[in-house]
Amino acid sequence: MSEKQDFLPLRGVDYVEFYVGNAKQAAHFYKTAFGFQSLAYAGPETGLRDRASYVLQQKKVKFVFTSAMQEDHYISDHVRKHGDGVRVIAFEVDDAAASWETTTSRGAKSFQEPKTEEDNFGSAKISGIHTYGDTVHLFVEKKNYDGPFLPGYMPWESHYNPEPAGLVYIDHCVGNVGWGEMNTWCTFYSEVMGFDQLISFDDKDISTEYTALMSKVMTNGNQKVKFPINEPAEGKKKSQIEEYIDFYNGAGVQHVAIGTGDILTTVAQLRDRGVEFLYVPENYYEDLTDRVGEVDEDIAAIKELGILVDRDEDGYLLQIFTKPVQDRPTVFFEIIQRKGARSFGKGNFKALFEAIEREQARRGNL
Ligand code: FE2
């Protein structure tokens with residue numbers, strides 16, 4: 001940031017934690033289908049009596065899958081209400097205490113006061129605040145920690161190690177919030193966390209014949225953290241954001257976009273491993289080069305995999321979206337490769353949302 005000081009320096013997203021019904025099986029799915037590697041584990045064997053957490057890594061992307069052992073537990077409550085979903089988006093910071101003090105003094109609701117935890121690998125300080133829905137941001141300070149993940153976790157060595165699929169970093173995490181709440185949460189990210197608004201889309205940008213939504217993209221000082229926030233808008237039929245809110249029972253993370261350096265290879269691998277992607281009709285590709293100009297990739301290969309392309313003033317991007325990764329029509333993933341472009345695929349919104357609507361209609365939710 002040039003003029004104003006970045007009062008909440010974030011190094012980036014450290015990890016995303018999902019609360020799920022069966023963490024052991026979820027971890028297996030993300031290894032098998034998405035090419036994540038076993039990194040760390042905590043559970044009864046490490047002295048945790050109430051839950052089990054499996055930490056997976058692929059390059060800079062870290063996912064944690066956590067399940068409760070008992071019915072009467074906040075993790076069980078979360079899963080009962082939301083189904084499998086994102087509970088934590090954790091940031092790596094240099095000073096977890098200052099991050100907590102700054103944000104809570106600016107109006108954030110505290111989730112966890114700064115707390116130091118240690119084990120044989122060193123110590124880490126963690127604090128946290130609430131954001132939209134039941135979602136939480138943790139501030140993780142681990143410069144004095146040398147272990148595989150965080151204190152309390154043991155290295156997880158497995159004899160089952162599927163090949164990585166070329167996923168490299170978390171590009172952005174999208175939040176869905178309720179009717180009229182987009183500006184509330186954009187103000188939260190701006191005033192409490194010092195984010196700036198990167199882009200805004202209204203319902204004229206993001207509408208199909210039937211449904212609409214609005215979106216604003218918020219980003220932190222170093223622009224490593226990008227959080228689009230969506231809210232439903234009025235249309236002839238039910239907005240996909242409303243479908244999400246109905247099944248998630250409130251606001252929450254809609255999708256995590258993961259960057260790759262070679263989307264053709266990554267998507268071909270993911271598809272072979274059973275990841276299901278949204279279908280794009282063939283006519284999307286008919287005038288593709290007229291719309292986006294020349295691209296390095298083979299158009300036939302792009303079309304065969306159903307990858308979308310968009311261009312902005314800085315370059316172009318390639319992207320594709322999975323179907324929801326659980327039975328509730330809630331969380332899904334985006335795979336993205338940026339070739340200069342810094343935007344989010346506005347030119348694909350219509351084709352994408354029509355693809356989502358076809359799935360909504362199949363579910364009886366349009
Ligand atoms: Fe996205």
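## Second largest cavity

Helix α5 (240-248) contributes three residues to the lining of the second largest cavity, the largest share of any element. Both α5 and α9 supply at least two residues of this lining. The structure is a predicted model, and the second largest cavity in it holds about 140 Å³ of space.

The lining of the second largest cavity is made up of 15 residues, and those nearest the centre are Q240, P324, F332, I356 and R363. By class, six residues of this lining are nonpolar, five are polar and four are charged.

## Largest cavity

Over the whole structure, the search returns three cavities of 30 Å³ or more. For the largest cavity the volume is about 220 Å³. Its lining has 22 residues, with V174, N230, H255, F349 and F353 nearest the centre. In this lining, 13 residues are nonpolar, eight are polar and one is charged.

Helix α9 gives the most to the lining of the largest cavity, four residues. The elements that each supply at least two residues are β10, β12 (212-219), β13, β14, β16 (315-321), β17 and α9. F353, one of the residues nearest the centre of the largest cavity, belongs to helix α9 (residues 349-362). F353 counts as buried because its relative accessibility is 10%, below the 20% limit. The C-alpha atom of F353 is separated by 33 Å from that of K24, and the two residues are 329 apart along the chain.

## Iron site

Three residues coordinate the iron ion: H172 and H255, each through NE2, and E334 through OE, at 2.0 to 2.2 Å. Along the chain the donors have the spacing H-x82-H-x78-E. H172 is in strand β10 and H255 in strand β14 (residues 252-260), so this pair ties together parts that are 83 residues apart in sequence.

H172 is buried because its relative accessibility is 4%, and H255 is buried because its relative accessible area is 7%. H255 is also among the residues nearest the centre of the largest cavity. Strands β10 and β14, which hold the two histidines, are among the elements that supply at least two residues of the lining of that cavity.

## Aromatic pairs

The count of aromatic pairs is 34. In one of them, Y30 and F333, the ring centres are 5.9 Å apart and the planes lie at 75°, so the pair is edge-to-face. Y30 sits in helix α1 (residues 23-34) and F333 in strand β17 (residues 332-339), so that distant parts of the chain, 303 residues apart, are linked by the pair. Both Y30 and F333 are buried.

The pair of F91 and F227 is tilted, with 6.0 Å centre to centre and 40° between the planes. F91 is buried at 0% relative accessibility, and F227 is buried at 2%. Ring pairs also join F18, F29, Y30, F34, F36, F63, F65 and F333 into a cluster.

## Largest pocket

The largest pocket contains about 540 Å³ of space. Of its 24 lining residues, R51, Q112, E117, I126 and Y153 are the closest to the centre. The class division of the lining is 14 nonpolar, five polar and five charged residues.

Strand β6 (110-119) is among the elements that each supply at least two lining residues, together with β1 (12-19), β3 (51-58), α2 (74-82) and β5 (85-92). The largest share, four residues, comes from β6.

## Second largest pocket

The volume of the second largest pocket is about 370 Å³. Its lining consists of R11, G12, V13, D14, K60, K62, E92, Y169, I170, D171, K224 and K226. Two or more of the lining residues come from each of β1 and β10 (167-176).

Domain 1 (3-155) and domain 2 (167-363) each provide at least three residues to the lining of the second largest pocket.

Conventions. Residues are numbered from 1 along each chain as its sequence is written. This is a predicted model: local features need pLDDT of at least 70, side-chain atom pairs count only at pLDDT 80 or more; totals for chains, interfaces and linings use all residues. Side-chain values use heavy atoms; hydrogens and water are left out. On a 1 Å grid over the protein atoms alone, a cavity is a set of points where a 1.4 Å probe fits but cannot get out, and a pocket is an open set with protein on both sides within 12 Å along at least five of seven lines; lining residues have an atom within 4 Å of a point. Grid points are joined across faces, edges and corners, and a volume is the space filled by probe spheres set on the points. Ala, Val, Leu, Ile, Met, Phe, Trp, Tyr, Cys and Pro count as nonpolar, Asp, Glu, Lys and Arg as charged, and the others, Gly among them, as polar. Domain bounds come from an automatic or database domain assignment. Donors are N, O and S atoms within 2.8 Å of the metal (3.2 Å for Na, K and Ca); water is not among the atoms, so sites may look incomplete. Buried means under 20% relative accessible area, exposed over 50%, partly exposed in between (1.4 Å probe, protein chains only). Rings of Phe, Tyr and Trp (its six-membered ring) pair if their centres lie within 6.5 Å; planes under 30 degrees apart count as stacked, over 60 as edge-to-face and the rest as tilted.
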